[in-house]
Amino acid sequence: LIPAILPVLTAIIPKIMAGQRELSEASQVVWALRLLMNWSMDGILALFWIRSSMRIWLMAVRYMPECCSKHRVLMAFLLTIPETMMLTFILCSCDILYLSKDDSMLPAIPFTI
């Protein structure tokens, strides 16, 4: 996962070094942290997706012998719905939080969970 999101960091570092002239020093630190949190969100969501997929797979293996063979495709589809909804909710909420002011630490809320 790190090699997949690492090249984007090379575009963020020059932005951080250039800074924003209209912000104070403390606000520039918050702005830089927001950029780094936005960069790391893709990797965190990928790890979350893998972990929740493994839990759903274990749940499916546990309950699969009770289902007959013709309902396995339906069960596989139904088990992915909560996972997809949860990931979409997290992604949309993070994007909405990044619409706040540049000196706001609201985007740190998903990292506290």
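R34 touches L97, Y98, S100, K101, D102, S104 and P107, leaving out residues up to four places away in sequence; contact means heavy atoms within 4.5 Å. R34 lies in helix α2. At 5% relative accessibility, R34 counts as buried, where buried means under 20% relative accessible area, exposed over 50% and partly exposed in between (1.4 Å probe, protein chains only).

This is a predicted model, in which local features need pLDDT of at least 70, side-chain atom pairs count only at pLDDT 80 or more, and totals for chains, interfaces and linings use all residues. Residues are numbered from 1 along each chain as its sequence is written, and side-chain values use heavy atoms, with hydrogens and water left out.

**Confidence**

- The chain averages a pLDDT of 78, and 88% of the residues score at least 70; pLDDT is the predictor's confidence in each residue, from 0 to 100.
- Among the elements, helix α2 (residues 25-63) has the highest mean pLDDT, 82.
- Helix α4 (residues 109-112) has the lowest, 70.
- Where pLDDT is low, the predicted coordinates should not be read in detail.

**Overall layout**

- The chain has 4 helices and 0 strands; helices (H or I, at least four residues) and strands (E, at least two) are DSSP runs, numbered from the N terminus.
- From the N terminus, the order is α-α-α-α.
- Of the 113 residues, 27% count as buried.
- Among contacts with a separation of 6 or more, 65% are between residues 24 or more positions apart.

**Helix geometry**

- The 39 residues of α2 should span 57 Å at 1.5 Å a residue, and its end C-alpha atoms are 56 Å apart, which agrees; the expected span is 1.5 Å times one less than the number of residues.
- Helix α2 has a kink of about 35°, centred on M41; the bend at a residue is the angle between axes fitted to the seven residues ending there and the seven starting there.
- Helix α3 (residues 72-97) has 26 residues and should span 38 Å; its end C-alpha atoms are 38 Å apart, which agrees.

- The largest nonpolar core has 7 residues: I5, L9, I12, L23, W31, L35 and W39. Such a core is a set of buried Ala, Val, Leu, Ile, Met, Phe, Trp, Tyr and Cys residues joined through side-chain atoms within 4.5 Å.
- Helices α1 (2-18) and α2 each give two or more residues to this core.
- I5 lies in α1 and counts as buried, at 13% relative accessibility.
- Beyond its neighbours within four places in sequence, I5 is in contact with W39, D42 and G43.
- I5 and S40 are 35 residues apart in sequence and 7.8 Å apart in space, C-alpha to C-alpha.
- L35 touches I12, K15 and I16, not counting residues up to four places away.

- Q20 is in the loop between α1 and α2. Q20 is buried, with a relative accessible area of 16%.
- Q20 touches Q28, W31 and D102, again without residues up to four places away.
- Q20 and D102 are 82 residues apart in sequence but 9.7 Å apart in space, C-alpha to C-alpha.
- S52, in helix α2, counts as buried at 10% relative accessibility.
- A polar contact of 2.7 Å joins the side chains of S52 and E83. Such a contact is a pair of N or O atoms within 3.5 Å; within protein, one must be able to donate a hydrogen and the other to accept it, and residues adjacent in sequence count only if both atoms are side-chain atoms.
- E83 is one of the buried residues of α3; the others are M75, L79, L87, C94 and L97.
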